Amino acid sequence: MTAGCILVVDDDASLGRALQRMVRSMDIACELSPSGDDMLARLPGLRPTMVLLDIHMPDKSGIESLQEMRSRGFDVPTVMMTGVEREGTRETCLSAGAIEVLAKPIDARTISQLFDRLSGQSSE
């Protein structure tokens with residue numbers, strides 16, 4: 001198994017599990033989190049290589065969660081995911097500290113390339 005871990009944060013459990021299966025099929029460890037608050041509670045112990053964070057979630061948006069993560073000193077590379085692209089969303093996410101913004105559905109090759117780059121491995 002590849003060293004490192006991806007934390008998937010999505011309030012839609014079925015989409016989260018689908019992403020988890022896809023990531024694990026690439027021999028990358030993957031954990032799920034149903035909300036931004038859960039992600040923030042788990043970050044200190046988990047220390048993922050990368051976070052895949054849904055933008056549109058109830059209670060606390062992905063952007064708010066990313067801003068709070070940064071304010072708490074967690075500099076984990078974060079990729080924002082959205083099923084609904086709105087004008088200005090990409091710029092807002094990048095200015096909040098995201099490294100990329102991807103439209104759902106996300107393909108395995110994209111995740112693999114990002115993970116390999118972040119973990120210092122060569123991508124095929």
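Trainee: Is Asp54 buried or exposed?

Mentor: In this predicted model, Asp54 counts as buried because its relative accessible area is 4%. The cut-off for that label is under 20%.

Trainee: Which element holds Asp54, and with which side chain does the side chain of Asp54 make a polar contact?

Mentor: Asp54 belongs to strand 3. Its side chain makes a polar contact with the side chain of Lys104, at 3.1 Å.

Trainee: What else is Asp54 in contact with, leaving aside neighbours within four places in sequence?

Mentor: Besides Lys104, the contacts of Asp54 are Val9, Asp10, Asp11, Gly62, Met81 and Thr82, with neighbours within four places in sequence left aside. Met81 is also the bridge partner of Asp54 in strand 4.

Trainee: How many bridges join strand 3 to strand 4, and do the strands run parallel or antiparallel?

Mentor: Four bridges join strand 3 to strand 4, and the two run parallel. Further along the pairing, Leu52 stands opposite Val79 in strand 4.

Trainee: Which residues of strand 3 point one way, and which the other way?

Mentor: Met50, Leu52 and Asp54 point one way, while Val51 and Leu53 point the other way. In a regular strand, side chains alternate between the two faces of the sheet. Here five of the five residues of strand 3 are buried, so the strand is largely enclosed by the rest of the structure.

Trainee: And how many residues of strand 4 are buried?

Mentor: Strand 4 is mostly covered, with five of its five residues buried. Thr78, Met80 and Thr82 point one way from the strand, and Val79 and Met81 the other way.

Trainee: Let us turn to the nonpolar core. Which members of the largest one touch the most other members?

Mentor: The largest nonpolar core has 18 residues, and those touching the most other members are Met39, Val51, Leu53 and Met80. At least two residues of this core come from each of strand 1 (2–9), helix 2 (36–46), strand 3 (50–54), helix 3 (62–71) and helix 4 (89–96). A second, separate core has 17 residues, including Val8, Val23, Cys30 and Ile106. Nonpolar side chains tend to be buried together in soluble globular proteins.

Trainee: What does Met39 touch, not counting residues up to four places away in sequence?

Mentor: With residues up to four places away in sequence not counted, Met39 touches Leu7, Val9, Ser33, Val51, Leu53, Ser65 and Met69.

Trainee: Which residues are buried in helix 2?

Mentor: Gly36, Met39, Leu40 and Leu43 are buried there. They lie on the same side of helix 2, because they cover an arc of only 100 degrees around its axis. The face turned away from that buried side carries the exposed residues Ala41 and Gly45. Just after helix 2, Arg47 has a positive phi of about 50 degrees.

Trainee: What about helix 4: which of its residues are buried?

Mentor: The buried residues of helix 4 are Thr89, Cys93 and Ala96. Their arc around the axis is only 65 degrees, which puts them on the same side of helix 4. They pack against helix 3, strand 4 and strand 5 (100–103). Glu91 and Ser95 are exposed on the face turned away from the buried side. Just after helix 4, Gly97 takes a positive phi of about 120 degrees.

Trainee: How many disulfides does the structure hold?

Mentor: It holds zero disulfides. Cys5 is in none, and the nearest cysteine sulfur, that of Cys30, is 6.4 Å away. The sulfur of Cys93 is 20 Å from the closest cysteine sulfur, in Cys30, which is too far for a bond. Both Cys5, at 9% relative accessibility, and Cys93, at 0%, count as buried.

Trainee: One last residue. Where is Gln20 found, and what does Gln20 touch beyond residues up to four places away in sequence?

Mentor: Gln20 is in helix 1 (residues 13–25) and counts as buried, at 14% relative accessibility. Not counting residues up to four places away in sequence, Gln20 touches Cys30, Glu31 and Leu32. A polar atom of the Gln20 side chain lies 3.0 Å from the backbone oxygen of Cys30.

Technical notes
Residues are numbered from 1 along each chain as its sequence is written. This is a predicted model: local features need pLDDT of at least 70, side-chain atom pairs count only at pLDDT 80 or more; totals for chains, interfaces and linings use all residues. Side-chain values use heavy atoms; hydrogens and water are left out. A nonpolar core is a set of buried Ala, Val, Leu, Ile, Met, Phe, Trp, Tyr and Cys residues joined through side-chain atoms within 4.5 Å. Buried means under 20% relative accessible area, exposed over 50%, partly exposed in between (1.4 Å probe, protein chains only). Contact means heavy atoms within 4.5 Å. The arc is that of the directions from the helix axis to the C-beta atoms. A polar contact is a pair of N or O atoms within 3.5 Å; within protein, one must be able to donate a hydrogen and the other to accept it, and residues adjacent in sequence count only if both atoms are side-chain atoms. A disulfide is a pair of cysteine sulfur atoms within 2.5 Å. Two strands pair if DSSP finds at least two bridges between them.
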